[in-house]
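Here is a short tour of a protein fold for anyone who likes to think in helices, strands and contacts. Keep the viewer open while you read.

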Amino acid sequence: MIKTSEKLPPNIFVIFGGAGDLTWRKLMPALFDLSQSRSIPLHFAIIAVDRVEITEEALRKRLQEGVKTFARAGKAAAKEWHEFSQHIRYLQGDFKGKSTYKELGDLCESLEKEWGAKAQRIYYMATPPSLFGEIPSFLGAAGLAADRQRSRIVVEKPIGYDLDSALALNQTLAANFQESQIFRIDHYLGKETVQNILAFRFANPLFEPIWNRRYVDYVSITVAEEVGVEHRGGYYDGAGALRDMVQNHLLQLLCLVAMEPMVSFDADEIRNKKVDVLHAVRPIAFDAVHLSTVRGQYDKGWIDGKRVRAYREEDGVPPDSNTETFAALRLFVDNWRWQDVPFYLRTGKRLPRQASEVVIQFRAVPHQSFPAEATLDWQPARLVMSIQPEEGIVLRFQAKHPGPKMVLQPVDMRFNYRESFATPSPEAYVTLLGDIINDDATLFMRADQVEAAWRLLMPVLDAWKASPPRDFPNYPSGTWGPDATQGLLVQQGHSWPAPVELSAIRK
Ligand code: BG6
């Protein structure tokens, strides 16, 4: 049974690129999951708009395959799918043709007539980014964005290619929609463990008093992927790790870790606090980029006992590509809380395993009162927030090893989502699409955040472009990136923490 709610206003969910990969892999499975777990409005229609010639029935069948493969709710039973799929309509049309928007408007009106009520309209751009600037203008010109209260637009990343293109895109959006109508997706913000950073920090009095430069030695944020570029070589080669991951996901994580407590859970209040962090990040001078950053590209190598090819051998990637598949940065947040505490960020493809985590490394105790032989295995306290693949938190601290002598040994205290909660975490898109339907913009990026993030990274992009790498490929697949990555931390006497194993929990 799909769950519908009369409390939710009638809703028309328009997907531009409705026959495309994102819809198949993420959007439809998430909408189906929503209909199973939370609920969809009683009056609900999904209008898939695309250029391809396909019948409504054939499209529904194709989408069912995606749902079977990717929905958390698992294989949709025939009855449930049938019930859900009745909400899906197909509109074939050119994204740049006026008539498409006319037909879309007519279809929406006829649905509203049938329901006897005005509907909220969500326009989701699941298209190539080259259309992000065009679709809003067509919608605007057709009068489909005119109802400020009821219409919304959703933009996928990449939101711009650099600061100028992001500014231009934001301007086009702003010419047709108000900021409150614009939902910019960063799917990391929909991840349960990412949202838990706020809960952990601000719902517990325990850690906030020591969450600052007096107690924190450094912070590291790792988003490591085991996979390579897969089938996305064409897109990825024009982007690279800095644009694809750091500009959005890693900087968003940095904001959540470093922001000041919010006064309320109001969307703009949280987004204001986050953007304050980006404004406080010390700009990296063009001439100093090589001192604060490391870039890398994967070579062939071994992962999980399997031979994998080099980035330059991937489909859609030129054999002399200089695109980075790994990026590491050392940043500083210049404010009272964080002055001079390094924030190390790293992300890369074809690393030994998937591991996304934030590590807060605390300072050593001010005075060592234990005998030297007690502290041979001494390590400062550390808090690890693991985002994926395992979701949870590990606190490492010193304990006395059992025995007649005072010997200190680090031990781990673990919290694991899977063990603590019976309910599995929803997929990020389920959370985000649910929030769009509920008009809650808290987890979405505002124009100024996106622009501040680009502004911060422009010197890096410019400096990297000005001096192409001479050592690419510079890390074998299956390793933790180029050797120079260690150098970023060693200068300060720091080191990248090895990813934690949450599954080591003993019952
Ligand atoms: C996307 C990037 O935004 O995030 C991909 O474009 C990357 O290159 C992906 O693989 C990682 O997301 P997740 O949720 O698998 O960590």
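Predicted model: local features only at pLDDT ≥ 70, side-chain atom pairs only at ≥ 80, totals over all residues.

One of its sheets is open and has six strands, arranged as β5-β4-β2-β6-β7-β8 with parallel pairing. The edges are taken by β5 (88–92) and β8 (182–184); each has a single partner strand, so one side of each is left without a neighbour in the sheet. From one strand to the next, the twist averages 20°.

At one end of that order, β7 (residues 151–155) runs parallel to β8 and is joined to β8 by three bridges. In this pair, I153 stands opposite I182 of β8. Two helices to look at here are α6 and α13. Helix α6 (residues 163–176) packs on the sheet through contacts with β6 (120–125), β7 and β8, and its direction makes about 150° with that of β8. Helix α13 (residues 428–437) also packs on the sheet, touching β2 (11–16), β4 (44–50), β6, β7 and β8; the direction of α13 makes about 140° with that of β6.

## The mixed sheet

Now turn to the open sheet of eight strands, whose order is β10-β13-β14-β9-β15-β16-β17-β18 and whose pairing is mixed. Its edge strands are β10 (293–296) and β18 (408–416), each pairing on one side only. Here the twist averages 15° from one strand to the next. Strands β13 (residues 326–332) and β14 (residues 342–348) run antiparallel and are joined by seven bridges. Within this pair, L331 has F343 of β14 as its bridge partner. Helix α7 packs on the sheet as well, touching β15 (355–362), β16 (382–388), β17 (392–400) and β18, and its direction makes about 145° with that of β16.

## A closer look at β15

How many of the residues of β15 are buried? Eight of its eight residues are, which leaves the strand mostly covered. In a regular strand, side chains alternate between the two faces of the sheet. For β15, both faces are covered: A355, E357, V359 and Q361 are buried on one side, and S356, V358, I360 and F362 are buried on the other. Note that this list includes E357 and Q361 as well as residues such as V359.

Strand β9 (residues 216–224) pairs with β15 in the antiparallel sense over eight bridges, and V216 stands opposite F362 of β15. The pairing of β15 with β16 is antiparallel too, with six bridges; there V358 stands opposite M385 of β16.

## Helices around α9

Helix α7 (residues 192–202) packs against α9 at an angle of about 10°, with the two axes 9 Å apart. That makes α7 roughly parallel to α9. On the α7 side the contact is made by V194, I197, L198 and R201, which meet L253, L256, V257 and A258 of α9. Sorted by class, this contact has seven nonpolar residues, no polar ones and one charged.

With helix α10 (residues 267–280), the geometry is as follows: the axes of α9 and α10 come within 9 Å and cross at roughly 105°. The two helices are therefore roughly perpendicular to each other. L251, Q252, L254, C255, L256 and A258 of α9 make the contact with K274, V277 and L278 of α10. By class, seven of these residues are nonpolar, one is polar and one is charged.

## The nonpolar core

The largest nonpolar core has 150 residues, and L31, L104 and F343 are those with the most contacts inside it. Helix α9 (residues 241–258) gives the most to this core, with 12 residues. Beyond residues up to four places away in sequence, L31 touches F13, I15, I40, F44, I46, F84, L433 and I437.

## A lysine in α1

K26 sits in helix α1 (residues 21–36). Because its relative accessibility is 27%, K26 counts as partly exposed. Leaving aside neighbours within four places in sequence, K26 is in contact with D21, E427 and Y429. Another lysine, K61, lies 35 residues from K26 in sequence and 16 Å away in space, C-alpha to C-alpha.

Definitions and conventions:
Residues numbered from 1 in each chain as written. Heavy atoms only, no water. Core = buried A, V, L, I, M, F, W, Y, C linked by side-chain atoms within 4.5 Å. Buried < 20%, exposed > 50% of the residue type's maximum accessible area, 1.4 Å probe, protein only. Helix = DSSP H or I, 4+ residues; strand = E, 2+ residues; numbered from the N terminus. Contact = heavy atoms within 4.5 Å. Axes fitted to C-alpha atoms, helices over the stretch in contact; angles between N-to-C directions. Parallel < 35°, antiparallel > 145°, perpendicular 65-115°, else oblique. Nonpolar A, V, L, I, M, F, W, Y, C, P; charged D, E, K, R; others polar. Pairing = 2+ DSSP bridges.
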